[in-house]
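Q: I'd like to learn how to read a structure like this one, feature by feature. Can we go through it together?

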Amino acid sequence: MFDLLVKMGYKEIEIGFPASGQTDFDFVRSIIEEPGAIPDDVTISVLTQAREDLIERTVESLKGAKRATVHLYNATAPVFRRVVFRGSRDDIKQIAVDGTRLVMEYAEKLLGPETEFGYQYSPEIFTDTELDFALEVCEAVMDVYQPGPGREIILNLPATVERSTPSTHADRFEWMGRNLSAGSTSACPSTRTTTAARPWRRPSWP
């Protein structure tokens, strides 16, 4: 499947959840270590939850990669805050902030200068998350990561559970684009897909 996506021209491909088990970890390692398996202009992306042990294992899987992105997520919707995490808005925002900081720390510790490193964050269950809170969490993540020219961040806004119309999700997506801080020109809003086919340029919202 990875070879097929490369042949189709995809330039950023999410290839696995290496901390979920040995199979995913070994697959990531196999295509990094196989000469020529990843074209020089293709970025691989790996997914992780916002837990330190999983983050460390995830970053470890990327050793030696030329271009790699870590995609971190944590659920932000009210029912998850109440039932799963049993925490306040501030508690959930702190999970995202701490996770982002840990990704940066482990990338600096484990990855060498040969790796062009990128970062992606998802407020999971964005569809059911209050827009003002989704924005607050994304802004807090950007405050930690400090995106800028040559240091872009992808903000993935996922319809994790498909239970709204496409137009509703599009309206929420546009609201986020309009309300991200003025300094976020290096932030790339994205919808939840398993691959990103092309470079993204921030739109000029009318």
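Q: Leaving aside its neighbours within four places in sequence, which residues is Glu139 in contact with?
A: Bear in mind that this is a predicted model. For contacts, look for heavy atoms within 4.5 Å. Once the neighbours within four places in sequence are set aside, Glu139 touches Asn179, Leu180 and Ser181. Glu139 itself is in helix 6 (residues 131-145).

Q: Is Glu139 buried or exposed?
A: The cut-off that matters here is 20%: a residue under that relative accessible area is called buried. Glu139 has 17%, so Glu139 is buried. For the whole chain, 47% of the 206 residues count as buried.

Q: How do I get an overview of the fold, and what is the order of the elements from the N terminus on?
A: Begin with the elements: the chain has seven helices and seven strands. Their order from the N terminus is α-β-α-β-α-β-α-α-β-α-β-α-β-β. Then check the sequence separation of the contacts. Among contacts with a separation of 6 or more, 75% are between residues 24 or more positions apart.

Q: How many salt bridges are there in this model?
A: The idea is to look for a side-chain nitrogen of Lys or Arg within 4 Å of a carboxyl oxygen of Asp or Glu. By this rule there are twelve salt bridges. One of them pairs Lys11 with Asp41, with the closest N and O atoms 2.6 Å apart. Lys11 sits in the loop between helix 1 (2-7) and strand 1 (12-16), and Asp41 in the loop between helix 2 (22-33) and strand 2 (43-49), so this pair ties together parts that are 30 residues apart in sequence. Lys11 is partly exposed at 33% relative accessibility, and Asp41 is partly exposed too, at 39%.

Q: Which parts of the chain does the pair Asp40 and Lys66 link?
A: For a pair like this, place each partner on the chain. Asp40 and Lys66 form a salt bridge whose closest N and O atoms are 2.7 Å apart. Asp40 is in the loop between helix 2 and strand 2, while Lys66 is in the loop between helix 3 (52-60) and strand 3 (67-75), and the two are 26 residues apart. Both Asp40 and Lys66 are exposed.

Q: Which residues have the most contacts inside the largest nonpolar core?
A: To read a core, ask which residues have the most contacts in it. The largest nonpolar core has 44 residues, and Ile15, Ile44, Leu62, Tyr119 and Tyr121 have the most contacts inside it. Helix 6 gives the most to this core, with eight residues. Apart from this core lies another, of five residues, including Phe17 and Leu54.

Note on methods
Residues numbered from 1 in each chain as written. Predicted model: local features only at pLDDT ≥ 70, side-chain atom pairs only at ≥ 80, totals over all residues. Heavy atoms only, no water. Helix = DSSP H or I, 4+ residues; strand = E, 2+ residues; numbered from the N terminus. Buried < 20%, exposed > 50% of the residue type's maximum accessible area, 1.4 Å probe, protein only. Core = buried A, V, L, I, M, F, W, Y, C linked by side-chain atoms within 4.5 Å.
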